Amino acid sequence: MAEQTIRIIVAGPRGKMGSETVRLIDETDGFELVAAVDSKNDGKQVADLEGLPSLEAPVYDDLENCLGAVQADVLIDFTNPESGRAHTEMALKNGISPVVGTSGFTEKDVEEFSRLSEESGKGAIIAPNFAPGAVLLMKFARMAAKFYQDVEIIEQHHDRKLDAPSGTAVKTAEMMAQVRESKQQGHPEEQETLEGARGAEVDGMHIHSVRLPGLVAHQEVIFGGESETLKIRHDSIHRKSFMSGVKLAVETVVGLDMLVYGLENILE
Ligand code: NAP
């Protein structure tokens, strides 16, 4: 029996990630773009938007109008924390499974989405990073954190990124904290002579955020031990690096009845 086509709405189709997602849908058998949500192009077709594949899918200026007009299985959101939060809630309340890459959600947000997912019986996937290589980096960092208490994270992104530190850096630190013996790093009497010099902190580990044009998404985790350092690094050099994870998430979410947070939980 032929597999059913997955009907998809994309929120943020003109964005860097959203436009790559539209191209992914266009190139994937079994995926169909049924609509897009873009506050600046209500009433147009996706084909009318500059740089996007010529797909005949209507554009709505908000998700509520869109859901009132089209039937869909999945909403993919790459917008900003505020819109992403509203879209994820609305999708779940309307029986649509969200696949969300938007970063900047709090733990409380994720708990609320999880509750809504359970209530509606619809799956949801939220991933701070859809690049399989970045997820492997997190796993390797977690393995290494059992052996090294001292570790710093340096994450680097393009200068249009709104949130800092990145969701991936926070998740990496949280995963290491699960196995690392807790420690406040640096000298006990350390003082910042310029505020912020030592970066953000999770369980005594420091996170440093670099923002520059030309970068995409990069992360290095540096461990220090007696007379040695260990560095683990991942570089997304194009947004295509995230698309295999987005594809897997869409294929997986339609068979779920709960929320999954993190690509690592569906990779294996
Ligand atoms: P971007 O290029 O700024 O794109 C965001 C797009 O969302 C813009 O086109 C914006 O439209 C649109 N938008 C904002 N609010 C909207 C709404 N209410 N309805 C519809 N569209 C709306 O940003 P990006 O680099 O693609 O990143 C988007 C998000 O994904 C960020 O949170 C980023 O951190 C995250 N991200 C995640 C991953 C991952 O693997 N999980 C990877 C990269 C980035 P306007 O132009 O009209 O404002």
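This is a predicted model: local features need pLDDT of at least 70, side-chain atom pairs count only at pLDDT 80 or more; totals for chains, interfaces and linings use all residues.
**View 1. The largest pocket and its lining.** The largest pocket has a volume of about 1100 Å³. It is lined by 44 residues, and those closest to its centre are Met 17, Phe 78, Thr 79, Asn 80 and Thr 102. Helices H1, H2 (63–69), H3 (81–93) and H6 are the elements that give two or more residues to this lining. Helix H3 provides the largest share, 5 residues. By class, the lining of the largest pocket comprises 16 nonpolar, 17 polar and 11 charged residues.

**View 2. The second largest pocket.** The space in the second largest pocket amounts to about 330 Å³. Its lining consists of 20 residues, with Phe 105, Thr 106, Val 170, Glu 174 and Tyr 261 nearest the centre. At least two lining residues come from each of helix H4 (107–120) and helix H6. The largest share of the lining of this second pocket, 4 residues, belongs to H6. Nonpolar residues number 9 in the lining of the second largest pocket, alongside 7 polar and 4 charged residues.

View 3. The structure holds 1 cavity of 30 Å³ or more. The volume of the largest cavity is about 70 Å³. Its lining includes Asn 129, Ala 134, Glu 155, His 157, Ser 166 and Thr 168. Also among the lining residues are Ala 217, His 218, Gln 219, His 234 and Ser 236. Strands S7 (150–157), S10 (217–225) and S11 (228–236) each supply at least two residues of the cavity lining, and S10 gives the most, with 3 residues. The lining of the largest cavity divides into 8 polar, 2 nonpolar and 1 charged residue.

**View 4. The salt bridge between Arg 211 and Glu 155.** Arg 211 and Glu 155 form a salt bridge in which the closest N and O atoms are 2.8 Å apart. This pair links distant parts of the chain, with Arg 211 in strand S9 (residues 205–211) and Glu 155 in strand S7, 56 residues apart. Arg 211 is partly exposed, at 23% relative accessibility, whereas Glu 155 is buried, at 0%. Glu 155 is also one of the residues that line the largest cavity.

**View 5. The salt bridge between Arg 180 and Asp 203.** Arg 180 pairs with Asp 203 in a salt bridge whose closest N and O atoms are 3.4 Å apart. Arg 180 lies in the loop between helix H6 (167–177) and strand S8 (200–202), and Asp 203 in the loop between S8 and S9, so the pair ties together parts that are 23 residues apart in sequence. Arg 180 is buried, with a relative accessible area of 4%, while Asp 203 is partly exposed, with a value of 32%.

View 6. Glu 20 forms a salt bridge with Arg 23, and the closest N and O atoms are 3.4 Å apart. The two residues are 3 residues apart in helix H1 (residues 16–27), a separation of about one helical turn. Glu 20 is buried, at 7% relative accessibility, and Arg 23 is partly exposed, at 25%. Together with Lys 240, Glu 20 and Arg 23 are linked in a network of salt bridges. In the whole structure, 19 salt bridges are found.

**View 7. A nonpolar surface patch.** Leu 136, Phe 140 and Met 143 make a nonpolar surface patch of about 300 Å². Leu 136 has its place in helix H5 (residues 132–145). This leucine, Leu 136, is partly exposed, with a relative accessible area of 41%.

Definitions and conventions:
Residues are numbered from 1 along each chain as its sequence is written. Side-chain values use heavy atoms; hydrogens and water are left out. On a 1 Å grid over the protein atoms alone, a cavity is a set of points where a 1.4 Å probe fits but cannot get out, and a pocket is an open set with protein on both sides within 12 Å along at least five of seven lines; lining residues have an atom within 4 Å of a point. Grid points are joined across faces, edges and corners, and a volume is the space filled by probe spheres set on the points. Ala, Val, Leu, Ile, Met, Phe, Trp, Tyr, Cys and Pro count as nonpolar, Asp, Glu, Lys and Arg as charged, and the others, Gly among them, as polar. Patches are made of residues with over 30% relative accessible area and no salt bridge: like charges are joined within 9 Å, nonpolar side chains (Val, Leu, Ile, Met, Phe, Trp, Tyr) within 5 Å. Accessible areas come from the Shrake-Rupley method with a 1.4 Å probe; for residues, only the protein chains shown count as cover. A salt bridge is a side-chain nitrogen of Lys or Arg within 4 Å of a carboxyl oxygen of Asp or Glu. Buried means under 20% relative accessible area, exposed over 50%, partly exposed in between (1.4 Å probe, protein chains only).
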